[in-house]
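Subject: Structure handover

Hello,

Here is the structure I promised to pass on. Please open it alongside these notes.

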Amino acid sequence: MAEGDMTVVQSCGACGEELGSFDVKKDNMMLMTTETIWCPKCQADTHEVRDLAGRGAAIQQEQGSYAANNPFDPETRR
């Protein structure tokens, strides 16, 4: 992968199965698409969903770093 390239992951819009990936320059990246893609699990052409590789893991890591919610105590109003 060349410097400045991003990896885009293609997934099935119906079942979420990862179907492929490709590298693209940041300037040429297009995540929104109306294309369909063949899903062997669904045995059909389904809507293609594109996302950046590693984005889901980064979101989970960030959410894990948030402070825990403390339960509200109505008596102390805290």
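Below is what turned up, starting with the sheet and ending with the cysteines.

Keep in mind that this is a predicted model.

**The sheet**

Four strands make an open sheet, ordered β2-β1-β4-β3. The pairing is antiparallel. The edge positions go to β2 and β3 (36-39). Each has a single partner strand, so one side of each has no neighbour in the sheet. On average, neighbouring strands of this sheet are turned by 40° against each other, direction ignored.

**Strand β1**

Strand β1 covers residues 5-12. Six of its eight residues are buried, so the rest of the structure largely encloses it.

Seven bridges connect β1 to β2 (residues 18-25), and the two run antiparallel. In that pairing, threonine 7 sits opposite aspartate 23 of β2. The hairpin of β1 and β2 has five residues between the strands. There, glycine 16 adopts a positive phi near 85°.

β1 is also joined to β4, by five bridges, again antiparallel. Glutamine 10 stands opposite arginine 50 of β4. Serine 11 has valine 49 of β4 as its bridge partner.

**Glutamate 48**

This residue deserves a look if you plan to work with side chains. Glutamate 48 lies in strand β4 (residues 44-52). Is glutamate 48 buried or exposed? Its relative accessible area is 4%, so glutamate 48 counts as buried. Its side chain makes a polar contact with the side chain of arginine 50, at 3.0 Å. Leaving aside residues up to four places away in sequence, glutamate 48 touches Gln10, Ser11, Thr33, Glu35, Thr36 and Ile37. Two of these names came up above: Gln10 is opposite arginine 50, and Ser11 is paired with valine 49.

**Cysteines**

How many disulfides does a search of the whole structure find? The count is zero. The cut-off is a sulfur pair within 2.5 Å.

- Cysteine 15: the closest cysteine sulfur is in cysteine 12, 3.7 Å away, which is too far for a bond. Cysteine 15 is partly exposed, at 32% relative accessibility.
- Cysteine 39: its closest cysteine sulfur is likewise in cysteine 12, at 3.7 Å, too far for a bond. Cysteine 39 is buried, with a relative accessible area of 0%.

Best regards

Notes. Residues are numbered from 1 along each chain as its sequence is written. This is a predicted model: local features need pLDDT of at least 70, side-chain atom pairs count only at pLDDT 80 or more; totals for chains, interfaces and linings use all residues. Side-chain values use heavy atoms; hydrogens and water are left out. Buried means under 20% relative accessible area, exposed over 50%, partly exposed in between (1.4 Å probe, protein chains only). A polar contact is a pair of N or O atoms within 3.5 Å; within protein, one must be able to donate a hydrogen and the other to accept it, and residues adjacent in sequence count only if both atoms are side-chain atoms. Contact means heavy atoms within 4.5 Å. Two strands pair if DSSP finds at least two bridges between them. Axes are lines fitted to C-alpha atoms, for helices over the stretch in contact, and angles run from 0 to 180 degrees between N-to-C directions.
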